[in-house]
Amino acid sequence: MGASNNVVGLSLAMVSSAFIGASFILKKKGLRRAGKSGARAGVGGYTYLLEPLWWAGMITMLLGEAANFVAYVFAPAVLVTPLGALSIIVSSVLAHFMLKERLQRLAILGCLSCIVGSIVIVIHAPQERTPTSVQEIWDLATQPAFLAYAGSALVLVIALVLHFEPRYGQTNILIYLGICSLMGSLTVVSIKAIGIAVKLTLEGINQVAYPQTWLFVTVAIVCVVSQLNYLNKALDTFNTAIVSPIYYVMFTTLTIVASAIMFKDWSGQTISSIVSEFCGLLTILSGTVLLHTAREQEIATASASGVSWQVDRASAISWYISIGTDDLLKNVEEDYFVALQSSG
């Protein structure tokens with residue numbers, strides 16, 4: 001039963017990555033079309049709301065997020081969360097063919113690293129036993145080990161928000177991303193609990209009457225709102241090309257740790273299997289960093305060159321306009337970041 005659940009979860013996670021990766025391309029093409037007929041989104045325009053391609057991208061992304069949500073019901077976070085990196089591969093490959101954005105050798109190496117790491121994790125993924133009631137999930141959430149993790153996470157978040165953010169939030173990227181990642185790990189375990197409750201209810205075992213179900217819903221809402229708030233602060237303060245890989249590494253690591261403690265993902269596994277999973281995770285994280293490094297180099301190269309405007313053919317005078325501002329870099333990279341916040 002555990003093996004079949006893992007297959008379902010794996011399939012949903014891969015479908016989710018494909019949909020989310022494709023959604024970035026559809027949205028980007030929609031934004032380009034909208035920019036030709038009105039103000040660009042990067043300068044405050046909203047003409048993209050009238051562009052069918054952009055809406056197709058949004059619907060595709062929502063379908064991908066829904067598939068990712070359901071994947072957590074069937075498979076452990078150590079299997080589902082790292083596979084979110086595959087959406088970056090999908091968007092990079094599609095961008096190469098559909099948007100004519102050149103796929104550099106470093107990006108190809110990053111894609112291969114993500115694929116190899118994903119295969120290793122899939123092969124060695126633990127077989128998770130699905131809880132049979134919300135009460136059972138609540139018992140897992142109130143075990144001393146997870147209470148210690150959740151309590152430590154909340155203490156760290158409070159310290160970061162009250163003490164470190166006012167002093168170092170604008171200069172140290174780890175402040176905002178630390179808050180996002182810690183809250184994100186609690187978001188994933190709460191969403192997994194909600195998903196299991198919905199699944200059991202649809203199977204005829206009503207979980208709506210349990211107060212624990214609504215407590216998990218409340219925790220998920222609070223964590224998601226907090227996570228998005230500080231993620232937006234990070235994106236507004238720092239370059240997205242830097243935010244993306246750091247956030248992915250922190251979020252993925254903490255999510256796997258939280259899920260392993262609460263749901264005992266590694267219970268019954270051999271040391272070699274656990275080590276192999278960590279090696280696969282490190283390979284995926286390295287591939288993600290390579291992908292974003294390649295993307296950053298591409299933007300830096302484009303920023304270094306100017307846009308030449310011929311003013312007077314006779315005198316051959318050209319004017320060069322620099323396009324290397326931080327705000328523009330953030331706008332260019334914005335679509336490529338969202339792929340790492342869904343895994344969770």
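# Helix packing and burial

Me: What makes the crossing of helix 7 and helix 8 left-handed?

Reply: Helix 7 and helix 8 cross in a left-handed way, the name used if the near helix is turned anticlockwise from the far one by less than a right angle (clockwise is right-handed). Helices here are DSSP runs of H or I with at least four residues, and strands are E runs of at least two, numbered from the N terminus. Please keep in mind that this is a predicted model: local features need pLDDT of at least 70 and side-chain atom pairs count only at pLDDT 80 or more, while totals for chains, interfaces and linings use all residues. Residues are numbered from 1 along each chain as its sequence is written, and side-chain values use heavy atoms, with hydrogens and water left out.

Me: Why are helix 7 and helix 8 called roughly antiparallel?

Reply: Helix 7 (residues 144-168) and helix 8 pack at about 155°, with 9 Å between their axes. Those axes are lines fitted to C-alpha atoms over the stretch in contact, and angles run from 0 to 180 degrees between N-to-C directions. Angles over 145 degrees count as roughly antiparallel, under 35 as roughly parallel, 65 to 115 as roughly perpendicular and the rest as oblique. Helix 7 and helix 8 are therefore roughly antiparallel.

Me: Which residues of helix 7 and helix 8 meet?

Reply: Contact means heavy atoms within 4.5 Å. Residues of helix 7 that meet helix 8 include F146, Y149, A153, L156, L160 and F164. From helix 8, the residues that meet helix 7 include I175, I179, L182, L186 and V189.

Me: How do you know how helix 8 and helix 9 are oriented?

Reply: Helix 8 and helix 9 (residues 211-237) pack at about 150°, and their axes are 8 Å apart. That makes helix 8 roughly antiparallel to helix 9. The crossing of helix 8 and helix 9 is left-handed.

Me: What makes T187 count as buried?

Reply: Buried means under 20% relative accessible area, exposed over 50% and partly exposed in between (1.4 Å probe, protein chains only). T187 has 3% relative accessibility, so T187 counts as buried. T187 belongs to helix 8, and leaving aside neighbours within four places in sequence, T187 is in contact with C223, V224 and Q227. T187 and V222 are 35 residues apart in sequence, with 8.6 Å between their C-alpha atoms.

Me: How do you know whether K192 is buried or exposed?

Reply: K192 has a relative accessibility of 1%, so K192 counts as buried. K192 also lies in helix 8. Its C-alpha is 9.0 Å from that of F74, a residue 118 places away in sequence.

Me: What makes V249 partly exposed?

Reply: The relative accessible area of V249 is 26%, so V249 is partly exposed. V249 is in helix 10 (residues 240-263).

Me: How do you know that S118 is buried?

Reply: S118 has a relative accessible area of 5%, so S118 is buried. S118 sits in helix 5 (residues 105-124), and leaving aside neighbours within four places in sequence, S118 is in contact with L83, L86 and I284.

Me: Why are the buried residues of helix 6 said to line one face?

Reply: In helix 6 (residues 134-141), the buried residues are V134, E136, I137, L140 and A141. Seen down the axis of helix 6, they fall within an arc of 155°, so they line one face. The arc is that of the directions from the helix axis to the C-beta atoms.

Me: What makes a set of residues a nonpolar core?

Reply: A nonpolar core is a set of buried Ala, Val, Leu, Ile, Met, Phe, Trp, Tyr and Cys residues joined through side-chain atoms within 4.5 Å. The largest one here has 68 residues, and L79, I137, F146, F216, M262 and L291 have the most contacts inside it. Helix 8 (residues 173-202) gives the largest share of this core, 17 residues. Leaving aside neighbours within four places in sequence, L291 is in contact with residues including I88, A107 and C111.
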